Amino acid sequence: MLDGDSATAKLILRDLINATVGFERMAEEVHKPSKSLHRMLSASGNPTMENLAAIFATIKKAMHVRIDTTVTAV
């Protein structure tokens with residue numbers, strides 16, 4: 001996602017949701033209809049930062065993981 005290929009990143013995120021929480025549970029957790037989640041995570045979708053944050057929080061909780069980020073100057 002940070003390398004500029006947001007279409008692929010959204011499709012990978014969609015696959016991750018399918019493989020872990022599932023769209024119905026995700027919809028309940030983020031208070032959005034599952035169809036809206038499918039649309040926003042399509043290649044041409046446009047999820048807001050608020051929606052992405054809610055999605056990542058739900059995935060982290062379901063998978064019991066912590067996501068760390070590092071910024072490195074190039």
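Two residues are in contact when they have heavy atoms within 4.5 Å of each other. By this criterion, residues 24 or more positions apart account for 62% of the contacts in the protein with a separation of 6 or more. The structure is a predicted model, in which local features need pLDDT of at least 70 and side-chain atom pairs count only at pLDDT 80 or more, while totals for chains, interfaces and linings use all residues. Residues are numbered from 1 along each chain as its sequence is written, and side-chain values use heavy atoms, with hydrogens and water left out.

The secondary structure comes to four helices and zero strands. Helices (H or I, at least four residues) and strands (E, at least two) are DSSP runs, numbered from the N terminus. Read along the sequence, the protein follows the pattern α-α-α-α. Its radius of gyration is 13 Å, close to the 11 Å that the globule rule gives for 74 residues, so the protein is as compact as a globular protein of that length. The radius of gyration is taken over C-alpha atoms, and the globule rule is 2.2 Å times the number of residues to the power 0.38. Along its principal axes, the C-alpha trace spans about 40 × 30 × 20 Å.

The surface may be considered next. The protein exposes about 5,400 Å², of which carbon and sulfur atoms supply 55%; accessible areas come from the Shrake-Rupley method with a 1.4 Å probe, and for residues only the protein chains shown count as cover. A residue is called buried under 20% relative accessible area, exposed over 50%, and partly exposed in between (1.4 Å probe, protein chains only). Buried residues make up 31% of the 74 residues in the protein.

Helix α1 covers residues 6–19. At 1.5 Å a residue, its 14 residues should span 20 Å, and its end C-alpha atoms are 20 Å apart, which agrees; the expected span of a helix is 1.5 Å times one less than its number of residues. Within α1, the residues A9, K10, L13 and I17 are buried. They cover an arc of only 100 degrees around the axis, which puts them on the same side of α1. The arc is that of the directions from the helix axis to the C-beta atoms. On the other side of α1, I12, D15 and A19 are exposed. The buried residues of α1 pack against α2 (23–30), α3 (34–40) and α4 (49–63).

In soluble globular proteins, nonpolar side chains tend to be buried together. A nonpolar core is a set of buried Ala, Val, Leu, Ile, Met, Phe, Trp, Tyr and Cys residues joined through side-chain atoms within 4.5 Å. Of the 13 residues in the largest nonpolar core here, L13, I17, M26, L37, L41, I55 and I59 touch the most other members. The elements that give two or more residues to this core are α1, α2, α3 and α4, and the largest share, four residues, comes from α2. Leaving aside its neighbours within four places in sequence, L37 is in contact with F23, M26, A27, V30, K32 and I55.

Several residues outside the helices also deserve attention. H31 lies in the loop between α2 and α3 and has a positive phi of about 60 degrees although it is not a glycine. H31 is exposed, with a relative accessible area of 69%. H64, found in the segment after α4, has a phi near 55 degrees, a positive value in a residue other than glycine. Its relative accessible area of 72% makes H64 exposed. S42, by contrast, is found in the loop between α3 and α4 and counts as buried at 19% relative accessibility. Apart from its neighbours within four places in sequence, S42 is in contact with K10, L11 and R14.

At 54% relative accessibility, K61 counts as exposed. The C-alpha atoms of K61 and V21, 40 residues apart along the chain, are separated by 9.8 Å.
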